[in-house]
4 protein chains.
Amino acid sequence: MKAEELLRNRLQSPMLRLRYTGAMGQVEWKLKMVNADLSMRQNRQVIRSMTGRIKDADSIARKLRKKGKPVTLEAARECLNDIAGIRVVCYFCDDIDLVAEALRRQQDLRIVKEKDYVRQPKRSGYQSVHMIVGVPICYERWTEEIRVEIQIRSFAMDYWAELDTQMCYKKEHGQAEHVEKKISGYSAILAGVDNQMLELRRSIER
Amino acid sequence: MKAEELLRNRLQSPMLRLRYTGAMGQVEWKLKMVNADLSMRQNRQVIRSMTGRIKDADSIARKLRKKGKPVTLEAARECLNDIAGIRVVCYFCDDIDLVAEALRRQQDLRIVKEKDYVRQPKRSGYQSVHMIVGVPICYERWTEEIRVEIQIRSFAMDYWAELDTQMCYKKEHGQAEHVEKKISGYSAILAGVDNQMLELRRSIER
Amino acid sequence: MKAEELLRNRLQSPMLRLRYTGAMGQVEWKLKMVNADLSMRQNRQVIRSMTGRIKDADSIARKLRKKGKPVTLEAARECLNDIAGIRVVCYFCDDIDLVAEALRRQQDLRIVKEKDYVRQPKRSGYQSVHMIVGVPICYERWTEEIRVEIQIRSFAMDYWAELDTQMCYKKEHGQAEHVEKKISGYSAILAGVDNQMLELRRSIER
Amino acid sequence: MKAEELLRNRLQSPMLRLRYTGAMGQVEWKLKMVNADLSMRQNRQVIRSMTGRIKDADSIARKLRKKGKPVTLEAARECLNDIAGIRVVCYFCDDIDLVAEALRRQQDLRIVKEKDYVRQPKRSGYQSVHMIVGVPICYERWTEEIRVEIQIRSFAMDYWAELDTQMCYKKEHGQAEHVEKKISGYSAILAGVDNQMLELRRSIER
């Protein structure tokens, strides 16, 4: 547990936390600009909510262990892309691509990685677009790139994901498989509702 | 527009706004206590989110007109129950009754009115439990009862209600009936998912 | 250190923290009402800022030890009056009495204790009015009185107090007496400025 | 009043406000980094508080009129440097230079203008260092420089400035000169206390 404590102390130093909150703040501001622009063009709100969080030291240590990495700040900065993360929830499922596309066009963000769990859902039924972006943070004498993970999903996908998390804490090991099958089935039903809502909006817009 | 302006000025006086924000703050604190208590007993989070808002002067004036009342502060305070409102979103549909029941047990809140749009959904498909509570606000020399509206709903009901609001702004009058039918149908499908999620949680808990 | 950890865990339980944040929220709301009322009567802002804080577990443990009490939650609740505290900074020194007087008139606050360090400054030069008030917190079946400490001071007194705190961290034991004498002297000079500012305001008002 | 309304509408557009809040957020983050760095080196807190504000449409219109400029958005963006402003209050008067110096070293901020009202106080007695910085804001296809005004002052200077503002609202025209003389005199007394506090801190540090 010694390593965790050291990591915790270093992570809590204001100089370090501020790098991540600064990079996260930059991306949140970008997303607000993107939302203002898209909402004006679409004549309706596109992003419903946006939540940022900095991973705490315990979760960082757990994740490093799981990956077989040493529990140090250096390993954390190198191997983990989600120390700073932002979840973006859109009203409709076609909004996800609009937001992702606008992020790709930002000249001062570098797209490090993308995963489209909407077109290819996880086995559990999980759906979201994940983007890792690099944000340049300028200090007095040098510039550093801080990575931020952005999860973009529709309201229906968010509903499923949050209920799934609630269930996970409750799942008994014996029933795991049976429960997972059911939950994954609900994901498909919700995706159906999501698409029908979209169809309806489009038919109204026509 | 004269009446609106007068109403707006009076509503913006800090002395008056503070009464409503004070009563709302009291109820939000109660709801946090209720959530802490229920979450401990149920061994899971019960309330997912809680949002308070004070109705602005324009909406108050519009609602008074629609009810055929004079656009004055006195009429507003007497006829409108939702100048201060709180929306409570629970994870599961059986949480709604737990929260409502706990509110009914609070000795310093008076239940002014209740409407159960969960057991009897509106024609549109809208589902929520609405409670109007009276909160005693104590001044130097006298005590006043301020009413606060509380809307309690599940995550699935909240999803439907927010999408419905988005569609409403877009609805053309010609298609209104057709669209309403479809949206109301989705309400039933979502209620199905809501119930299945509950069944699953219960089967895990057993 | 065992006792501290136990205390910390119990203090971090949401049910307990919420009692203190609830009581503090009630008093902050009262103070906002008092400020709105006084500012209207005086035709100028009376309260400049208001800051609330809940004492953390380590400070609670330290204070209990210093008082020779056991480090338990029960001892904390019985012996400590400042687990929840609010600092009120007014623009002028005659505002302090206005705020204190208005708090004394609130029917649902019980004045547990008062100390007037303005009329009788501490040896260090510290000036403020301290009030301990009891706030009734109503649960489902019973009512509890939670104590909140309110410190009321002028802007000049706040300036002195904050600089004094900054110096304290730096004070070397050898020089302590010499430094304290100087700081206490500045308190008198600042009190002079405070009074002259008040005289000037009064001469303008006449 | 027509021009004001037009200006107000354009200023309230989210796309425009976000530019200024974005630039302000960038500078606030820089100042937090500067504070973390300086506080570590000095082994004490350097910045006591930091407050940002966006000028409202009415004040913008008033200032444009006073300068004999047309009341338009274009004139506002060109002629006004303080649409976005941040006030930084330090504990001691020698902290002001530390903060200003650190801002000058930031490679991605352009120093547009500086005024040192500490070394050369205004006739009224007002003291602060004012810096106008240009912040590059990157959009999809182009980069814009948004100006932000930073006022840096000590706690004692802030006390004087806030009391002066309070008095201004009260000043009768007949007495203006007499009052101004007195207030300006207090500025000198407070500067004396400020310097003595600094001397004391330095003698403790030695």
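Axes are lines fitted to C-alpha atoms, for helices over the stretch in contact, and angles run from 0 to 180 degrees between N-to-C directions. Helices (H or I, at least four residues) and strands (E, at least two) are DSSP runs, numbered from the N terminus. The structure is a predicted model, in which local features need pLDDT of at least 70 and side-chain atom pairs count only at pLDDT 80 or more, while totals for chains, interfaces and linings use all residues; side-chain values rest on heavy atoms, with hydrogens and water left out. Residues are numbered from 1 along each chain as its sequence is written, and chains are lettered from A and ligands numbered from 1 in the order in which they are written.

Chain A contains seven helices and five strands. Along the sequence these elements follow the pattern α-α-β-α-α-β-α-β-β-β-α-α. Taken along the principal axes, the box filled by the C-alpha atoms of chain A is roughly 55 × 50 × 20 Å.

Two packed helices are described by the angle between their axes and the distance between the axes. In chain A, helix α2 (residues 14-42) packs on helix α5 (residues 95-104) at an angle of about 125°, the axes being 10 Å apart. The helices α2(A) and α5(A) are therefore oblique to each other, on a scale where angles under 35 degrees count as roughly parallel, over 145 as roughly antiparallel, 65 to 115 as roughly perpendicular and the rest as oblique. Their crossing is right-handed; a crossing has this hand if the near helix is turned clockwise from the far one by less than a right angle, and is left-handed if anticlockwise. Residues A:L31, A:V34, A:L38 and A:Q42 of α2(A) make the contact with A:L98, A:V99, A:A102 and A:L103 of α5(A), contact meaning heavy atoms within 4.5 Å. By class, the contact of α2(A) with α5(A) comprises seven nonpolar residues, one polar and no charged. Here Ala, Val, Leu, Ile, Met, Phe, Trp, Tyr, Cys and Pro count as nonpolar, Asp, Glu, Lys and Arg as charged, and the others, Gly among them, as polar.

In chain B, five strands build an open sheet of mixed pairing, with the order β1-β2-β5-β4-β3; two strands pair if DSSP finds at least two bridges between them. Strands β1 (47-54) and β3 (110-116) of chain B are the edge strands, each pairing on one side only. On average, neighbouring strands of this sheet are turned by 20° against each other, direction ignored. Strands β2 (residues 84-90) and β5 (residues 143-154) of chain B pair in the parallel sense over seven bridges, and B:V89 stands opposite B:R153 in β5(B).

The sheet of chain D is likewise open, with five strands in the order β1-β2-β5-β4-β3 and mixed pairing. At its edges stand β1 (47-54) and β3 (110-116) of chain D, each with a single partner strand, so one side of each is left without a neighbour in the sheet. Strand β4 (residues 129-138) of chain D pairs with β5 (residues 143-154) of chain D in the antiparallel sense over 10 bridges, and D:R147 in β5(D) is the bridge partner of D:G134. Helix α5 (residues 95-104) of chain D lies across β1, β2 (84-90), β3, β4 and β5 of chain D and runs at about 165° to β5(D).

The contact of α6(C) with α7(D) has eight nonpolar, no polar and two charged residues.

Of the contact residues of chain C, 100% recur in chain B. A rotation of 180° with 0.0 Å of shift along its axis also superposes chain B on chain A (RMSD 0.0 Å). Because 100% of the interface residues of chain B are also interface residues in chain A, these copies meet through the same surface. No contact joins chain A and chain C, whose closest C-alpha atoms lie 16 Å apart. Chain B and chain D do not touch, and their nearest C-alpha atoms are 16 Å apart.

Key
Copies are superposed by least squares on the C-alpha atoms of residues with pLDDT of at least 70 in both.
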